[in-house]
Amino acid sequence: MPEPSPVPIGLRLNQASRAVERAFDEALAEAGGTVPTWLILLNLKIRTPGNQRELAEAVGVREATLTHHLNAMDARGLVTRTRDAANRRIQVVALTEAGEAAFLRLRDTAVAFDAQLRAGLSDADVARLSELLGQLAANAGSPASHAPPWAGLADGPPAD
């Protein structure tokens with residue numbers, strides 16, 4: 001009888017990724033947010049991009065997609081958009097007081113979710129997992145130089 005073939009690593013990674021993504025989506029939804037909202041709020045806090053184009057690049061979405069999310073966030077009172085005085089074609093995005101509160105709520109949710117994922121893993125396990133995921137991304141042809149939209153979060157929460 002032939003040995004069963006192992007599950008291809010890409011399939012296993014995809015399954016794990018989807019499970020984690022669904023759980024993170026649910027955690028953020030319970031806190032009143034979504035992944036795009038979280039990434040936009042996070043980038044406005046830790047990077048303070050100067051305009052929507054820079055924000056779209058930092059979050060990793062197209063400007064049209066960002067505009068869709070910003071429209072919804074503006075309607076909820078989380079952000080403001082104003083024209084740059086020096087260049088009226090540029091819109092500057094800023095957090096409102098409600099946006100600051102949403103950021104704190106979603107930050108706490110993201111930190112708690114990360115702690116949940118790390119349960120049972122040593123620091124060495126997490127470091128090795130990070131190395132392995134980086135190697136898989138490189139093997140798939142992903143550019144290693146692109147910083148993820150949450151870079152800096154692990155350095156600790158921003159001052160409130």
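Trainee: In what order do the elements of the protein run from the N terminus on?

Mentor: Please keep in mind that this is a predicted model. The secondary structure consists of six helices and two strands. Read from the N terminus, the order of these elements is α-α-α-α-β-β-α-α.

Trainee: How do the residues in the contact of helix 1 with helix 5 divide into nonpolar, polar and charged?

Mentor: Helix 1 (residues 9-30) and helix 5 (residues 97-118) pack at about 145 degrees, with axes 10 Å apart, and their crossing is right-handed. Helix 1 contributes Val20, Ala23, Phe24, Ala27 and Leu28, while helix 5 contributes Leu106, Thr109, Ala110, Phe113 and Leu117. By class, the residues of this contact are nine nonpolar, one polar and no charged.

Trainee: Which residues of helix 3 make the contact with helix 2?

Mentor: Helix 2 and helix 3 (residues 52-59) pack at an angle of about 115 degrees, their axes being 10 Å apart, in a right-handed crossing. The classes in this contact are six nonpolar, one polar and no charged residues. On the side of helix 2 stand Leu39, Ile40, Asn43 and Leu44, and on the side of helix 3 stand Leu55, Ala58 and Val59.

Trainee: The structure holds two aromatic pairs. Is the pair of Phe24 and Phe113 stacked or tilted?

Mentor: The ring centres of Phe24 and Phe113 lie 5.1 Å apart, and their planes stand at 40 degrees. Planes under 30 degrees apart count as stacked and those over 60 as edge-to-face, with the rest counted as tilted. Because the planes stand at 40 degrees, the pair of Phe24 and Phe113 is tilted.

Trainee: How many residues apart in sequence are the parts that the pair of Phe24 and Phe113 ties together?

Mentor: Phe24 and Phe113 are both buried. Phe24 belongs to helix 1 and Phe113 to helix 5, so the pair ties together parts whose separation in sequence is 89 residues.

Trainee: Is the pair of Trp38 and Phe103 stacked or tilted?

Mentor: Trp38 and Phe103 are both buried. Trp38 lies in helix 2 and Phe103 in helix 5, so this pair ties together parts that are 65 residues apart in sequence. The ring centres of Trp38 and Phe103 are 5.7 Å apart with planes at 20 degrees, so the pair is stacked.

Trainee: Which residues is Thr37 in contact with, leaving aside its neighbours within four places in sequence?

Mentor: Thr37 has its place in helix 2 (residues 35-46). Its relative accessibility is 9%, so Thr37 counts as buried. Beyond the neighbours within four places in sequence, Thr37 is in contact with Met73, Arg76, Leu78 and Leu106.

Trainee: What distance separates the C-alpha atoms of His69 and Thr37?

Mentor: His69 is part of helix 4 (residues 63-75), and at 22% relative accessibility it counts as partly exposed. Residues up to four places away in sequence aside, His69 touches Pro36 and Ile40. His69 and Thr37 are 32 residues apart along the chain, and their C-alpha atoms are separated by 7.2 Å.

Trainee: Is Arg76 buried or partly exposed?

Mentor: Arg76 is located in the loop between helix 4 and strand 1 (79-83). Not counting residues up to four places away in sequence, Arg76 touches Gly32 and Thr37. Buried would require under 20% relative accessible area. The relative accessible area of Arg76 is 45%, so Arg76 is partly exposed.

Trainee: How far apart in space are Thr96 and Leu78, C-alpha to C-alpha?

Mentor: Thr96 sits in the loop between strand 2 (91-95) and helix 5, and at 18% relative accessibility Thr96 counts as buried. Residues up to four places away in sequence aside, Thr96 touches Gly77, Leu78, Val79 and Thr80. Thr96 and Leu78 are 18 residues apart in sequence, and their C-alpha to C-alpha distance is 5.4 Å.

How values were computed:
Residues numbered from 1 in each chain as written. Predicted model: local features only at pLDDT ≥ 70, side-chain atom pairs only at ≥ 80, totals over all residues. Heavy atoms only, no water. Helix = DSSP H or I, 4+ residues; strand = E, 2+ residues; numbered from the N terminus. Axes fitted to C-alpha atoms, helices over the stretch in contact; angles between N-to-C directions. Left-handed = near helix turned anticlockwise from the far one by under 90°. Contact = heavy atoms within 4.5 Å. Nonpolar A, V, L, I, M, F, W, Y, C, P; charged D, E, K, R; others polar. Buried < 20%, exposed > 50% of the residue type's maximum accessible area, 1.4 Å probe, protein only. Phe/Tyr/Trp six-rings, centres within 6.5 Å; stacked < 30°, edge-to-face > 60°.
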